[in-house]
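Here is a short briefing for a first look. Start with the view below, then work through the topics in order.

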Amino acid sequence: MTSSDRADVVIIGGAIIGSSVATFLASRSDFDGRIVVVERDNTFRTSSTTLSAASIRLQFSTPLNIEISRFGVDLVKHPDRYLAVDGQVPEVDFVENGYLFLATDAGLATLEHNHAIQRAHGVPVELLTPADLRRRFPWINADDLAGASLGLSDEGWFDAHALLQGFRRKGRELGVEERSGEVVGIDRDGDRVRGVRLADGSAIVADWVVNAAGPRAAEVAAMVGVELPVRPRKRLVYHVEAPVSLGAAPLTIDPSGVYVRPEGPTYITGFSPRDGDPDPDTLDLAPNRGPFESFVWPTLARRIPAFDQLRLLDTWAGHYEVNTLDHNAIVGPHPRIANLLFANGFSGHGLQQAPAVGRGLAEWIATGRWETLDLSPLGYARVERGDAIRELNVV
Ligand SMILES: Cc1cc2nc3c(=O)[nH]c(=O)nc-3n(C[C@H](O)[C@H](O)[C@H](O)COP(=O)(O)OP(=O)(O)OC[C@H]3O[C@@H](n4cnc5c(N)ncnc54)[C@H](O)[C@@H]3O)c2cc1C
């Protein structure tokens with residue numbers, strides 16, 4: 001093995017999580033090690049990052065998730081502070097229209113419970129009655145609704161691809177090395193990992209290995225005999241054109257789980273299966289139209305009568321990397337393999353969590369501590385204990 005095959009940090013997966021970890025680490029004045037990001041598909045065509053709905057919210061039920069997204073909001077609102085290269089700033093195009101969670105009688109108590117937590121943590125959020133809803137959003141059919149929760153600022157959506165390219169560009173400027181290849185093995189020696197092996201037969205020895213493999217995270221963990229409860233679950237997105245404009249509409253989540261938000265003058269919509277519905281593990285990306293016709297469109301047309309007439313422009317599928325324990329991220333070191341770091345299981349909110357998780361893991365690698373946000377509650381230890389941190393607001 002040559003000396004060029006030695007790195008301080010190897011990151012497996014170069015999409016939003018891997019590139020955020022790399023860039024925040026390279027930005028630190030107290031770290032000057034060699035960072036290599038290994039990515040199996042540099043087009044990122046099938047990565048969750050580029051297939052995402054790219055939205056960000058503060059309306060979580062877990063205080064730590066609120067704080068994690070708060071930093072994400074800061075970064076997408078001020079990319080100039082973090083990602084400028086030669087005076088150029090990525091055009092992340094943050095659209096700050098908010099999220100609107102709708103609830104029937106059955107969901108009202110949860111909405112109010114979440115609201116109390118959010119207000120206690122300074123989230124600008126307002127509870128709306130059905131009458132408020134009709135007044136503010138006359139396009140909503142509120143007949144069966146008992147209330148809603150509206151984010152008043154610091155929530156919306158952005159250009160995920162621009163953010164990814166922004167992280168990568170900044171990282172490269174700071175010396176991050178990107179390597180094309182697929183990690184097929186991780187060498188372990190007792191309670192330490194020693195580095196990674198690639199499909200082309202090469203190897204990189206490393207002091208730290210970071211698993212940022214998205215929906216393939218469990219495959220990567222299995223290379224060191226570690227079981228990670230992270231499963232690839234298919235999520236469909238439908239891009240539609242409507243005959244009417246809803247104006248500056250928020251990302252609206254129906255009690256059925258169907259969400260819809262503006263995408264320029266058009267809309268995107270989709271859903272996650274409810275608890276107990278079939279949700280098999282798969283890396284399939286086929287853009288099935290069936291659920292749009294049978295479920296999504298009828299649900300939307302009931303909630304937004306003007307959507308009775310829609311034109312389906314495009315369909316795509318991506319994968320949530322679902323943490324089957326509790327729908328929350330698994331972040332930080334393995335309890336007994338201290339130089340193996342996880343950044344996995346984001347369960348549909350990894351794009352917005354990438355800035356805080358990247359910053360956090362950079363702190364951990366450089367100093368051995370969480371400096372800004374204590375991410376230890378998200379550690380792998382809870383997986384071994386079976387101790388769920390239940391996030392109630394999953395979209
Ligand atoms: C339809 C959909 C909508 C979503 N909407 C939102 C949203 O609105 N807001 C939000 O915050 N999040 C959302 N998400 C979730 C978000 O996109 C993901 O949580 C996030 O992109 C995860 O980033 P990642 O870098 O971990 O994974 P990925 O983007 O999947 O990247 C993992 C990378 O690792 C590489 N890789 C894997 N295995 C190996 C290997 N062995 N060797 C080398 N490279 C490897 C892959 O090629 C890939 O590029 C959505 C996801 C989907 C699918």
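**The nonpolar core**

In the largest nonpolar core, which has 58 residues, the members that touch the most others are I11, L163, V331 and L361. Two or more residues each come from β1 (6-12), α1, β2 (35-39), α3, α7, β11 (203-211), β18 (340-344) and α10. Helix α10 gives the largest share, eight residues. This is a predicted model.

- In soluble globular proteins, nonpolar side chains tend to be buried together.
- What does V331 touch, beyond its neighbours within four places in sequence? V331 is in contact with F342, F346, V357, L361, W370, L375, L378 and G379.
- One of these contacts, L361, is also among the residues that touch the most other core members.

**Helix α1**

- Helix α1 covers residues 16-27.
- Its 12 residues should span 16 Å at 1.5 Å a residue, and the end C-alpha atoms are 16 Å apart, so the two values agree.
- Is α1 mostly covered or mostly open? It is mostly covered, with 11 of its 12 residues buried.
- The buried residues are I16, I17, G18, S19, S20, V21, A22, T23, F24, L25 and A26.
- Helix α1 also gives two or more residues to the core.

**Helix α3**

- Helix α3 takes in residues 63-77, which makes 15 residues.
- From first C-alpha to last, α3 reaches 21 Å, close to the 21 Å expected at 1.5 Å a residue.
- Its buried residues are L64, N65, I66, I68, S69, F71, G72, V73, L75 and V76.
- What covers them? The cover includes α1, β3 (55-56), α4 (79-83), α5 (105-120), α7 (160-173) and α10 (350-367).
- An α-helix has 3.6 residues a turn, so residues three or four places apart point the same way.

**Around the ligand**

- There are 38 residues around the ligand, and E39, T49, S55, E321 and Q352 come nearest.
- At least two residues of this shell come from each of α1, β2, α2 (48-51), β12 (230-241), β16 (311-323) and α10.
- Which element gives the largest share of the shell? Strand β16 does, with four residues.
- A polar backbone atom of I16 is 3.4 Å from an oxygen atom of the ligand.
- For I17, a backbone N or O atom lies 3.1 Å from a ligand oxygen atom.
- A polar backbone atom of L351 is 3.1 Å from an oxygen atom of the ligand.
- On its own the ligand has 1,000 Å² of accessible area, and the protein covers 97% of it.
- I16 and I17 are also among the buried residues of α1.

- R45 sits in the loop between β2 and α2.
- Is R45 buried or exposed? R45 counts as exposed because its relative accessibility is 60%, and the cut-off for exposed is over 50%.
- Apart from neighbours within four places in sequence, R45 is in contact with T50 and L51.
- R45 and D191 are 146 residues apart along the chain, and their C-alpha atoms are separated by 35 Å.
- N114 has its place in helix α5.
- N114 counts as buried because its relative accessibility is 3%, and buried means under 20%.
- Not counting residues up to four places away in sequence, N114 touches S61, L392 and N393.
- N114 and E391 are 277 residues apart in sequence, but 10.0 Å apart in space, C-alpha to C-alpha.

Methods
Residues numbered from 1 in each chain as written. Predicted model: local features only at pLDDT ≥ 70, side-chain atom pairs only at ≥ 80, totals over all residues. Heavy atoms only, no water. Expected span 1.5 Å × (residues − 1). Buried < 20%, exposed > 50% of the residue type's maximum accessible area, 1.4 Å probe, protein only. Contact = heavy atoms within 4.5 Å. Core = buried A, V, L, I, M, F, W, Y, C linked by side-chain atoms within 4.5 Å. Near = heavy atom within 4 Å. Polar contact = N/O pair within 3.5 Å; in protein donor to acceptor, adjacent residues only side chain to side chain. Areas by Shrake-Rupley, 256 points an atom, 1.4 Å probe, with all protein chains shown as cover.
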